[in-house]
Amino acid sequence: MQPPLEHWDLELKYRLLFPALSRLPRYIAYRAASLYGKLECAKQKQMAEQIAHQMSRALPGEAEAQYRQWTNYFYAMQQREILDTWYYPQLRTVEQVAKTIQVKNFEQVLEARRDGRPMILTGAHLGRFWMLGVTTAAYGIATGALARDDEGQNTWNLPEPEFRYRRLKLSRLRTCYRGEFLMPGASNMRPLLEALRKQPVAILLDVPYTKGSAGLVAVPFFGQQAFFPEGTVKLAKKTGALIQPFCVEEHRHGLILNFLPAHEVGTLSADESMALLVADIEGRIRSNPGRWWQWPALQMFWGEV
């Protein structure tokens with residue numbers, strides 16, 4: 001049992017601070033969340049330095065001030081994404097979503113759905129990526145997702161306040177997405193195939209696995225060989241699904257959900273398909289390195305740990 005005052009800062013954050021911020025005008029609330037992120041960056045100095053170091057390995061030649069700027073953005077963005085949790089219940093209709101989220105190239109998604117194509121919505125841990133299914137569901141397309149967090153048990157041994165927050169977040173996302181949330185793994189393959197027949201499913205490609213894990217393919221990533229799971233490509237081949245990349249970009253007045261050119265697996269090998277998808281992810285990371293959540297795991301992608 002945890003001592004009563006352990007993780008008091010997380011208790012304060014999730015029980016009082018962020019719920020209170022969500023009652024302020026939205027612009028002020030997100031500015032305050034960004035400021036909190038900068039404080040977190042200063043507080044977690046060792047981790048912040050590690051993230052900046054990983055950025056410098058992948059993107060050498062920049063001034064130290066640039067890596068610090070990207071790292072500050074990284075921490076501020078994470079807090080804005082956390083604050084989103086308290087706004088999800090207010091993003092259920094087109095009118096509610098359109099106030100803060102602009103959608104680009106949505107017609108190609110609607111056309112694929114009209115044709116009855118299974119669809120895998122692929123992204124990366126870039127920016128406030130969960131807004132994908134919140135938006136598509138508001139526009140009438142229920143969306144499922146693979147999610148590694150488990151509402152039922154604390155799989156990752158998180159501090160209790162963090163686990164309660166993750167459970168709240170996942171519960172609200174399930175309601176907004178209006179589709180099935182599944183844990184990844186071979187035991188969930190049949191439910192995943194059934195879900196794909198009914199609705200698009202969002203799968204993030206940049207989830208790190210230990211080198212040597214089953215089902216990984218080696219592709220170029222920031223100038224080195226990196227290892228990514230090929231399951232998404234195999235799933236597309238098995239079901240005939242269209243792979244539809246997306247990105248969620250931040251700007252001063254809200255977010256832009258942009259659907260990028262779709263990817264047909266066709267006769268390409270898993271290695272070739274993954275290389276194309278990962279190259280696209282790398283390009284989007286390069287455009288704004290601070291918005292990629294997985295910098296602390298870069299060594300895992302490169303097979304160093």
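Biologist: At what angle do α1 and α4 pack?
Modeller: In this predicted model, α1 and α4 pack at about 85 degrees, and their axes are 10 Å apart. That angle makes α1 roughly perpendicular to α4.

Biologist: Which residues of α1 and α4 meet?
Modeller: From α1, the residues are K13, Y14, F18 and L21, and they meet Q79, I82 and L83 of α4. By class, this contact has five nonpolar residues, one polar and one charged.

Biologist: Turning to α2, how many residues does it have, and how far does it reach?
Modeller: Helix α2 covers residues 26–43, which is 18 residues. From its first C-alpha to its last it reaches 25 Å, close to the 26 Å expected at 1.5 Å a residue.

Biologist: Which residues of α2 are buried?
Modeller: The buried residues of α2 are A29, Y30, A33, S34, Y36, G37, E40 and C41. Seen down the axis of α2, they fall within an arc of 160 degrees, so they line one face of the helix.

Biologist: Why do residues three or four places apart point the same way in an α-helix?
Modeller: An α-helix has 3.6 residues a turn, so residues three or four places apart point the same way.

Biologist: And which residues are exposed on the other side of α2?
Modeller: Y27, R31, L35, L39, A42 and K43 are exposed there.

Biologist: What do the buried residues of α2 pack against?
Modeller: They pack against three helices: α1 (8–21), α3 (45–58) and α4 (64–84).

Biologist: New topic: how do the axes of α7 and α8 cross?
Modeller: Helix α7 spans residues 131–138 and helix α8 spans residues 160–177. Their axes come within 8 Å and cross at roughly 30 degrees. The two helices are therefore roughly parallel to each other.

Biologist: Which residues make that contact?
Modeller: On the α7 side, L132, G133, V134 and A137 take part, and on the α8 side, L173, C176 and Y177. By class, the contact of α7 with α8 has six nonpolar residues, one polar and no charged ones.

Biologist: Is E230 buried or exposed?
Modeller: E230 is buried, as its relative accessible area is 13%, and buried means under 20%.

Biologist: What is E230 in contact with, leaving aside its neighbours within four places in sequence?
Modeller: With those neighbours left aside, E230 is in contact with G215, V217, A270 and M274.

Note on methods
Residues are numbered from 1 along each chain as its sequence is written. This is a predicted model: local features need pLDDT of at least 70, side-chain atom pairs count only at pLDDT 80 or more; totals for chains, interfaces and linings use all residues. Side-chain values use heavy atoms; hydrogens and water are left out. Helices (H or I, at least four residues) and strands (E, at least two) are DSSP runs, numbered from the N terminus. The expected span of a helix is 1.5 Å times one less than its number of residues. Buried means under 20% relative accessible area, exposed over 50%, partly exposed in between (1.4 Å probe, protein chains only). The arc is that of the directions from the helix axis to the C-beta atoms. Contact means heavy atoms within 4.5 Å. Axes are lines fitted to C-alpha atoms, for helices over the stretch in contact, and angles run from 0 to 180 degrees between N-to-C directions. Angles under 35 degrees count as roughly parallel, over 145 as roughly antiparallel, 65 to 115 as roughly perpendicular and the rest as oblique. Ala, Val, Leu, Ile, Met, Phe, Trp, Tyr, Cys and Pro count as nonpolar, Asp, Glu, Lys and Arg as charged, and the others, Gly among them, as polar.
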